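User: Please take a close look at one part of this model: the helix packing. I would like the geometry and the residues in contact.

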Amino acid sequence: SGSTRGSVSRPARGGPPARHMRSNASGAPRDHPVGVMPRGPLTFDPETDAFWVFGYGSIVWKVGFEYEERVICCARGFRRRFYQGSTDHRGTVDFPGRTVTLERCDPKEPPCWGAAYRVSAAHARRVLDLLETREKQYDERVQIDLFDGAPWNENAQPLIRGALTYIATANEANLNWLGPPAGGVNESATQIANAVGPSGANFEYLFNLCDALRSIEVDDPHVFELEKAVKAILAERGET
């Protein structure tokens, strides 16, 4: 198709200013076991119910769990940002990587596109436990409504209701929050170009995400700007 999701006109970059966030709650990043982050109740019972998962980062290109159906859809009132430190997958405690989270914004802004996966009741408990381990450093487990991408309308009906997703925020509970870097894109790009963790190089995470977004015809300026900057750094090192 000739159109690209997300390439609609958008307000001046960033819209209303995001609240300024500390770079780290505890003064130093660290890894931690599953169960440290607060988790509120869910609207489904993983022992008996099927549920939906919304992926906007690595889950778009590396699902890692059983699912019955995949739907390309979007979350309104959120934008994708490389603001979370990773000490367990794409970096270390000594040199954290950066991974994406969802930042809340005006729902009239272009939505965040991703993929939703329907998990059967038979696999629900196992998949939820897997997600809790995979997303253990993300401090919010939320359920959000997802839409088909039609022009914004406050009365629009969701395509999927109550999809499960994980968000990293500046809350004090989040031990690895990085937030927007003082040095802008160049600082983030340098960090991503150099960080390596148990799951591999941080730049591979970024490039895989970019490829996945292009495969579903999504334009995400924040992500693609980082990709361009990281590739320039790797080219200077002769690593392209």
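Analyst: H3 and H5 cross in a right-handed sense. This is a predicted model. The axes of helix H3 (residues 184-194) and H5 come within 9 Å, at roughly 60 degrees. H3 is therefore oblique to H5. On the H3 side, the contact uses Val185, Ser188, Ala189, Thr190, Ile192 and Ala193. They meet Glu225, Leu226, Ala229, Val230, Ile233 and Leu234 of H5. By class, that contact has nine nonpolar, two polar and one charged residues.

H5 (residues 221-236) also packs with helix H4 (residues 202-215). Here the angle is about 135 degrees, and the axes lie 10 Å apart. H4 and H5 are therefore oblique to each other. The crossing of H4 past H5 is left-handed. H4 contributes Phe203, Leu206, Phe207, Leu209, Cys210, Leu213 and Arg214. H5 answers with Val223, Phe224, Leu226, Glu227, Val230, Lys231 and Leu234. The residues of this H4 contact with H5 split into eleven nonpolar, no polar and three charged.

Leu226, Val230 and Leu234 of H5 meet H3, and Leu226, Val230 and Leu234 of H5 also meet H4.

Next, H2. The buried residues of helix H2 (residues 124-134) are Ala124, Val127, Leu128, Leu131, Glu132 and Arg134. Down the axis of H2 they fall within an arc of 165 degrees, so they line one face of the helix. In general, an α-helix has 3.6 residues a turn, so residues three or four places apart point the same way. The buried residues of H2 pack against helix H1 (58-61) and against strands S1 (51-55), S5 (112-119), S6 (140-146) and S7 (160-167).

Methods
Residues numbered from 1 in each chain as written. Predicted model: local features only at pLDDT ≥ 70, side-chain atom pairs only at ≥ 80, totals over all residues. Heavy atoms only, no water. Axes fitted to C-alpha atoms, helices over the stretch in contact; angles between N-to-C directions. Helix = DSSP H or I, 4+ residues; strand = E, 2+ residues; numbered from the N terminus. Parallel < 35°, antiparallel > 145°, perpendicular 65-115°, else oblique. Left-handed = near helix turned anticlockwise from the far one by under 90°. Contact = heavy atoms within 4.5 Å. Nonpolar A, V, L, I, M, F, W, Y, C, P; charged D, E, K, R; others polar. Buried < 20%, exposed > 50% of the residue type's maximum accessible area, 1.4 Å probe, protein only. Arc of directions from axis to C-beta.
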